[in-house]
Amino acid sequence: MTICEKNGCFSENPEEQIRFARKFIGIGFTHIYVHSAAPYQIAFIKAYGKNVLPALKET
């Protein structure tokens with residue numbers, strides 16, 4: 001399930017997370033807070049680093 005609103009994107013889909021973050025990067029944000037409420041934080045960090053951050057570095 002994906003919910004992307006004005007202030008947050010709640011999705012397991014990396015493309016949705018990338019699209020959401022790019023909106024803020026595009027208007028000048030230099031810091032974006034990323035949070036996972038899942039119990040497996042290390043897995044989240046690894047997946048985010050592999051699937052999301054490389055695309056955002058290109059932005």
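What radius of gyration would a compact globule with 59 residues have, and what does the protein have? A compact globule of that length would have a radius of gyration near 10 Å; the protein has 11 Å, which agrees. The radius is taken over C-alpha atoms, and the globule rule is 2.2 Å times the number of residues to the power 0.38. The model is predicted: local features need pLDDT of at least 70, side-chain atom pairs count only at pLDDT 80 or more, and totals for chains, interfaces and linings use all residues. Residues are numbered from 1 along each chain as its sequence is written, and side-chain values use heavy atoms, with hydrogens and water left out.

The protein has 3 helices and 2 strands. Their order from the N terminus is β-β-α-α-α. Helices (H or I, at least four residues) and strands (E, at least two) are DSSP runs, numbered from the N terminus. The C-alpha trace spans about 30 × 25 × 20 Å along its principal axes.

Of the 59 residues, 20% count as buried. Buried means under 20% relative accessible area, exposed over 50%, and partly exposed in between (1.4 Å probe, protein chains only). The accessible surface comes to about 5,000 Å². Carbon and sulfur atoms hold 59% of that surface. These areas come from the Shrake-Rupley method with a 1.4 Å probe; for residues, only the protein chains shown count as cover.

Helix H1 covers residues 14-26 and has 13 residues. From its first C-alpha to its last, H1 reaches 18 Å, close to the 18 Å expected at 1.5 Å a residue. The expected span is 1.5 Å times one less than the number of residues. Gln 17, Ile 18, Phe 20 and Ala 21 are buried in H1. Their cover includes strand E1 (3-4), strand E2 (9-10), helix H2 (41-51) and helix H3 (53-57).

Ile 25 also lies in H1. At 28% relative accessibility, Ile 25 counts as partly exposed. Leaving aside neighbours within four places in sequence, Ile 25 is in contact (heavy atoms within 4.5 Å) with Ile 32, Leu 56 and Thr 59. Ile 25 and Leu 56 are 31 residues apart along the chain, and their C-alpha atoms are separated by 8.7 Å. Among contacts between residues at least 6 apart in sequence, 35% join residues at least 24 apart.

Lys 57 is placed in helix H3. Lys 57 is exposed, with a relative accessible area of 74%. Lys 57 and Lys 23 are 34 residues apart in sequence and 14 Å apart in space, C-alpha to C-alpha.
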